[in-house]
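User: I'd like to walk through this structure feature by feature. Could you give me the general idea each time, and then the case at hand?

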Amino acid sequence: MNKITAPATSTLKVPESPEPLEHPMKDYLRTERFPHIWCSTCGIGTVLTAFIAGLQKSGLDRDKVAVVSGIGCSGRAAGYLRLDSFHSTHGRAIPFATGLALGNPELKVAIISGDGDIAAIGGNHFIHAARRNMNLTVICINNFNYAMTGGQAGPTTPQEANASTAPYGAYEYPFNLPYLAESCGAVYVARWTSLHVRRATKAIAEALVKPGFSFIEVIAPCPTLYARRNRLGTGLDLMRFYHDTAKIQHGANTKDIDIEYQKEIIVGKFVDKDKTDFFTNRNSFLQNKLGDKYIPYKGTK
Amino acid sequence: MKADPIGVATGNHFIDGDHACGEGAIAAGCRFLAGYPITPSTEVAERIAERFPKVGGMFIQMEDEIASMAAIIGAAWGGPKVMTVTSGPGFSLMMENIGLAVMLETPCVVVNVQRGGPSTGLPPLTAQADMMQARWGSHGDYEIIALCPNSPQECFDLTITAFNLAETWRVPVMFMMDECVGHMTEKVVIPEADQIEIVPRNFYKGKKEDYRPFNFSGSGEIAPMIKAGEGYNIHITGLTHDERGYPALDAEAQDKNVRHLVDKILKNEEKIRLLEEDQIDDAEVIVISYGITSRVSQKAVQDARAAGIKVGTIRLIVVWPFPEKLIRKLASKVKAFIVPEINLGQISLEVERYAAGKAITIHVPHAGGWVHDPNDILKAIKKGVK
Ligand SMILES: Cc1ncc(C[n+]2csc(CCOP(=O)(O)OP(=O)(O)O)c2C)c(N)n1
Ligand code: SF4
Ligand SMILES: [Mg+2]
């Protein structure tokens with residue numbers, strides 16, 4: 001694999017800045033909490049950037065958007081966003097978000113969390129939220145391992161990849177998350193990598209305004225654990241790898257997009273269909289059955 | 001504040017404790033319930049599923065009790081009063097997120113219609129063996145409030161109390177029914193809405209930039225809440241946090257955070273206290289009981305009095321926080337406390353702890369599946385006066 005090396009002498013002139021530079025997204029970030037916990041060249045920050053850009057692009061009122069995370073490095077995302085943001089328990093971001101979204105139906109609730117959080121301990125909640133077509137956008141940051149706890153294998157670790165609890169390589173069959181999401185009923189399914197910031201941003205913007213259950217998997221480097229253990233280089237090296245091996249294939253059959261260790265990654269928008277979301281469906285269904293007796297839930301004043 | 005008449009089924013009903021609990025929740029203003037079916041609690045959820053669409057409530061049957069508990073916490077931060085309902089195995093699954101509710105100081109009511117355990121135990125038969133789990137079943141140091149009704153009428157009345165306490169103290173309240181009370185059918189009188197006092201959510205009304213979701217000042221004040229979606233941009237975490245809700249991972253922050261969670265309940269025990277005392281002024285022995293066992297004890301107490309024994313009773317309605325000061329005081333006046341309960345020693349150990357050797361504590365255990373034989377309680381009373 002190619003390594004990116006800095007040129008010996010840089011011709012780039014860095015302008016002197018009398019004022020410290022402001023973060024261009026500072027209005028959306030809890031900058032008072034910086035420095036954040038993430039390692040340098042970790043992919044999670046890129047996903048956060050894509051989320052903020054996607055939210056801006058979506059045209060939604062930011063005060064009506066809430067973010068819920070579970071536990072993990074990815075699960076820290078909620079904590080840095082200046083939105084109503086909730087850091088719940090490991091695996092339970094989706095049911096927490098389900099309650100939040102139903103509790104205040106004016107809200108659009110997004111979940112940003114890791115592969116272990118969403119697909120292992122939270123897997124049951126994931127499939128049921130998709131089945132119900134709950135009005136949620138789930139962004140799963142897939143770094144192929146349990147990073148926060150030190151690089152253990154998880155349900156997305158590709159076979160052969162090394163992890164701290166798979167010291168001879170992983171042998172379990174991993175999940176193909178877009179396939180899982182689609183088969184459970186998700187109305188919007190996409191996969192990007194943290195290299196594809198512009199496309200991930202667009203996907204997030206689309207998903208946020210899409211009623212029902214939308215799912216975006218973002219493959220992201222964990223240079224400190226997954227990459228180091230597997231000698232894949234730095235985050236930048238992995239970005240180069242995504243550049244060289246990711247293949248955009250919109251509308252691909254999700255059955256065919258398994259991820260194998262260090263092989264081609266199929267990315268794109270795979271599903272974008274219309275189906276009445278849980279809340280709207282419940283309302284019209286009960287209205288139909290109960291007529292005048294039905295009082296719809298409208299949240300609290 | 002008075003109850004919203006929309007939710008109050010005023011009139012005389014002949015219903016069981018589970019249904020009465022459901023009606024109590026609606027009358028209290030609960031409009032969100034997430035649950036998962038389990039004997040002997042399911043009728044509460046069934047009542048709610050039938051009634052909520054007609055009172056503007058949101059019921060959702062989740063995929064399990066872990067999800068149910070997580071969902072009600074999320075929902076509470078969206079504005080409504082919330083509840084979940086379960087029994088033993090489901091209660092066990094809820095524990096991690098009960099801790100989350102404690103940490104986030106989220107008002108909610110968790111109904112546990114107790115059945116025999118451990119494990120699947122005795123699904124349709126009674127027990128009072130989750131009392132310690134109700135207090136400390138989740139990890140870490142914390143305190144909650146737990147109530148034990150002893151009749152369908154109380155399942156209605158005290159469910160309202162449970163909501164009022166949850167909102168006042170921003171704490172999960174465990175509504176510890178037992179299978180007997182849950183499945184017993186009796187007359188339940190539901191009053192007019194204007195006769196029902198409810199505590200509404202204390203929503204913050206000041207300037208947005210000054211809002212703090214938590215108050216750890218030690219002043220005894222409980223911070224008001226907001227609901228998500230109103231531009232406060234709050235952050236709420238189950239990590240140890242400061243008053244802004246931001247993670248603060250050190251021993252000092254831990255001390256402030258956890259002491260607050262414990263102190264707000266324990267230091268207010270006398271305000272939260274709810275119990276019934278009878279004939280304790282000249283009592284030589286006192287029977288302390290709760291839930292269905294308090295009704296079984298009545299027979300034993302009547303017989304003892306008929307035999308000339310000076311026996312008084314205390315019925316705990318709020319079991320947690322435990323009325324430790326009261327027990328300490330009474331311990332120097334009486335010979336013995338008799339504690340019948342449908343477990344092999346839970347609340348009796350608390351009584352013994354606060355009696356501190358000044359009075360003896362006689363436990364009358366029962367492993368569950370049925371209530372006590374009143375004669376066993378009577379025997380213990382007789383032993384206590386010796
Ligand atoms: C109930 C529970 N079990 C285990 C843990 C420990 N834990 C914290 S984060 C984590 C895994 C996180 O993996 P992932 O969701 O992929 O996030 P990442 O750190 O990789 O971004 C685990 C197992 C926990 N916090 N709670
Ligand atoms: S351990 Fe891995 S996932 Fe976690 S912050 Fe570091 S690089 Fe990112
Ligand atoms: Mg991970």
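Analyst: Happy to. Let's start with charges over rings: a charge sits over a ring if NZ of Lys or CZ of Arg is within 6 Å of the ring centre and within 35 degrees of the ring normal. Keep in mind that this is a predicted model.

User: Which ring does the charged end of A:Arg33 sit over?

Analyst: That's B:Tyr246, in the other chain letter: the charged end of A:Arg33 is 6.0 Å from the centre of that ring. There's another case with both partners in chain B, where B:Lys208 lies over the face of B:Tyr232, at 5.5 Å from the ring centre.

User: Now rings against rings. How many aromatic pairs does the structure hold over all chains?

Analyst: There are 14 of them over all chains. Take A:Phe144 and A:Tyr226: their ring centres are 5.4 Å apart and the planes meet at 45°, so this pair is tilted. To read that angle, remember that planes under 30 degrees apart count as stacked and those over 60 as edge-to-face, with the rest tilted.

User: Where do A:Phe144 and A:Tyr226 sit in the chain?

Analyst: In distant parts of it, 82 residues apart. A:Phe144 is in the loop between strand E4 (136-142) and helix H6 (177-184) of chain A, whereas A:Tyr226 belongs to helix H8 (residues 223-229) of chain A.

User: Is A:Phe144 buried or exposed? And what about A:Tyr226, buried or exposed?

Analyst: The cut-off for buried is under 20% relative accessible area. A:Phe144 has 8% relative accessibility, so it counts as buried. A:Tyr226 is buried too, with a relative accessible area of 5%. Elsewhere, ring pairs also join A:Phe34, A:Trp38 and A:Tyr80 into a cluster.

User: How do I read a pair of packed helices?

Analyst: You describe two packed helices by the angle between their axes and the distance between the axes. In chain A, helix H1 (residues 44-58) and helix H7 (residues 197-209) have axes that come within 7 Å and cross at roughly 50°. That angle makes H1(A) oblique to H7(A). The crossing of H1(A) past H7(A) is right-handed.

User: And a single helix? Which residues are buried in helix H5 (residues 123-132) of chain A?

Analyst: An α-helix has 3.6 residues a turn, so residues three or four places apart point the same way. In H5 of chain A, the buried residues include A:His125, A:Phe126, A:Ala129, A:Ala130 and A:Arg132. A:Gly123 is buried as well. Just after H5(A) comes A:Asn133, with a positive phi of about 55°.

User: Where does B:Pro40 lie, and where does B:Pro321?

Analyst: B:Pro40 is in the loop between strand E2 (30-35) and helix H2 (42-55) of chain B. The peptide bond from B:Thr39 to B:Pro40 is cis, with omega near 0°. B:Pro321 lies in the loop between strand E14 (318-320) and helix H11 (324-331) of chain B, and the bond from B:Trp320 to B:Pro321 is cis with omega near -5°.

Conventions: Residues are numbered from 1 along each chain as its sequence is written. Chains are lettered from A and ligands numbered from 1 in the order in which they are written. This is a predicted model: local features need pLDDT of at least 70, side-chain atom pairs count only at pLDDT 80 or more; totals for chains, interfaces and linings use all residues. Side-chain values use heavy atoms; hydrogens and water are left out. Rings of Phe, Tyr and Trp (its six-membered ring) pair if their centres lie within 6.5 Å; planes under 30 degrees apart count as stacked, over 60 as edge-to-face and the rest as tilted. Helices (H or I, at least four residues) and strands (E, at least two) are DSSP runs, numbered from the N terminus. Buried means under 20% relative accessible area, exposed over 50%, partly exposed in between (1.4 Å probe, protein chains only). Axes are lines fitted to C-alpha atoms, for helices over the stretch in contact, and angles run from 0 to 180 degrees between N-to-C directions. Angles under 35 degrees count as roughly parallel, over 145 as roughly antiparallel, 65 to 115 as roughly perpendicular and the rest as oblique. A crossing is left-handed if the near helix is turned anticlockwise from the far one by less than a right angle, and right-handed if clockwise.
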